[in-house]
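Subject: Structure handover and notes

Hello,

I am passing on the structure we spoke about, together with my notes on it. Please keep it open while you read.

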Amino acid sequence: MGELKRLVIHCTATREGREVSGAELRRWHTSPKSKGGRGWKQVGYSDVIHLNGGVENLVPYNEDQTVDPWEVTNGAVGYNSTSRHVVYVGGIGMNGKERDTRTAEQRKALEKYVRAFHRQHPHAEIVGHRDLPGVAKACPSFDVKQWLREIKL
């Protein structure tokens with residue numbers, strides 16, 4: 001579809017400590033609206049990072065510089081054909097407000113994931129969902145640009 005230009009980091013916008021399965025994410029996104037879903041043809045993310053740091057692939061992809069039609073996920077309107085989307089489980093504190101709820105295991109897994117992506121695609125930018133123009137969300141509930149500086153990437 002297009003050249004891979006970015007990795008977009010998301011959160012599931014679920015309360016801290018609540019695990020979410022890949023199957024549950026898929027239902028949220030692809031079930032008909034009449035059944036509580038969004039009615040999308042594809043899940044919103046390529047990969048999910050679970051509370052224990054495990055990474056689950058939801059939509060297979062190759063590591064070339066092109067987002068092929070079968071690799072497109074629905075993470076951010078207007079950016080999907082040129083992006084890969086990864087989500088960590090969490091993003092909402094126990095008080096119901098946006099908060100960085102990443103566990104130590106998720107932090108380690110996300111850093112490893114982002115570093116591997118950057119090695120494979122050094123030309124691509126790495127952003128939070130909220131960093132995309134026209135997005136009025138707190139997702140992923142932490143400042144990705146600041147975090148990238150912290151991990152020296």
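This is a predicted model: local features need pLDDT of at least 70, side-chain atom pairs count only at pLDDT 80 or more; totals for chains, interfaces and linings use all residues.

Residues are numbered from 1 along each chain as its sequence is written, and side-chain values use heavy atoms, with hydrogens and water left out.

Strand S2

Helices (H or I, at least four residues) and strands (E, at least two) are DSSP runs, numbered from the N terminus. Buried means under 20% relative accessible area, exposed means over 50%, and partly exposed is in between, with a 1.4 Å probe and protein chains only.

Strand S2 is mostly covered, with 6 of its 6 residues buried. On one side these are Arg6, Val8 and His10, and on the other Leu7, Ile9 and Cys11, so both faces are covered. Two strands pair if DSSP finds at least two bridges between them. S2 and S7 run parallel and are joined by 6 bridges. S2 also pairs with strand S9 (residues 125–128), again in the parallel sense, over 4 bridges.

Cores

A nonpolar core is a set of buried Ala, Val, Leu, Ile, Met, Phe, Trp, Tyr and Cys residues joined through side-chain atoms within 4.5 Å. The largest one has 22 residues, and Ile9, Leu110, Val114, Ile126 and Trp147 have the most contacts inside it. At least two residues of this core come from each of strand S2 (6–11), strand S7 (83–88), helix H2 (104–120) and helix H3 (144–150). H2 gives the largest share, 5 residues. Another core, of 10 residues, lies apart from this one and includes Leu25, Val43, Tyr45 and Val59.

What does Ile9 touch, if its neighbours within four places in sequence are left aside? Contact means heavy atoms within 4.5 Å. Among the residues in contact with Ile9 are Val86, Leu110, Val114, Ile126, Cys139, Phe142 and Trp147.

Cysteines

A disulfide is a covalent bond between the sulfur atoms of two cysteines. Here the term is applied to a pair of cysteine sulfur atoms within 2.5 Å. How many disulfides does a search of the whole structure find? The search finds 0. Cys11 is in no disulfide, and its nearest cysteine sulfur, that of Cys139, is 4.1 Å away. Cys139 is likewise in no disulfide. Cys11 is buried at a relative accessible area of 5%, and Cys139 counts as buried at 11%.

Rings

Rings of Phe, Tyr and Trp (its six-membered ring) pair if their centres lie within 6.5 Å; planes under 30 degrees apart count as stacked, over 60 as edge-to-face and the rest as tilted. The structure holds 2 aromatic pairs. In one of them, the rings of Tyr88 and Phe142 have centres 6.0 Å apart and planes at 55 degrees, so this pair is tilted. Tyr88 is in strand S7 and Phe142 is in the loop between S9 and H3, 54 residues apart, so the pair links distant parts of the chain. Tyr88 is buried, with a relative accessible area of 1%, and Phe142 is buried, with 6%. Phe142 also pairs with Trp147: their ring centres are 5.8 Å apart and their planes are at 85 degrees, which makes the pair edge-to-face.

A charge sits over a ring if NZ of Lys or CZ of Arg is within 6 Å of the ring centre and within 35 degrees of the ring normal. The charged end of Arg102 sits over the ring of Phe142, 3.7 Å from its centre. Arg84 lies over the face of Tyr61, at 3.6 Å from the ring centre.

Two single residues

Ser46 is in the loop between helix H1 (22–30) and strand S4 (47–49). Ser46 is buried, with a relative accessible area of 2%. Leaving aside neighbours within four places in sequence, its contacts include Tyr61, Glu71, Arg84 and His85.

Glu105 lies in helix H2 and is partly exposed, with a relative accessible area of 43%. Not counting residues up to four places away in sequence, Glu105 touches Leu51, Asn52 and Gly53.

Regards
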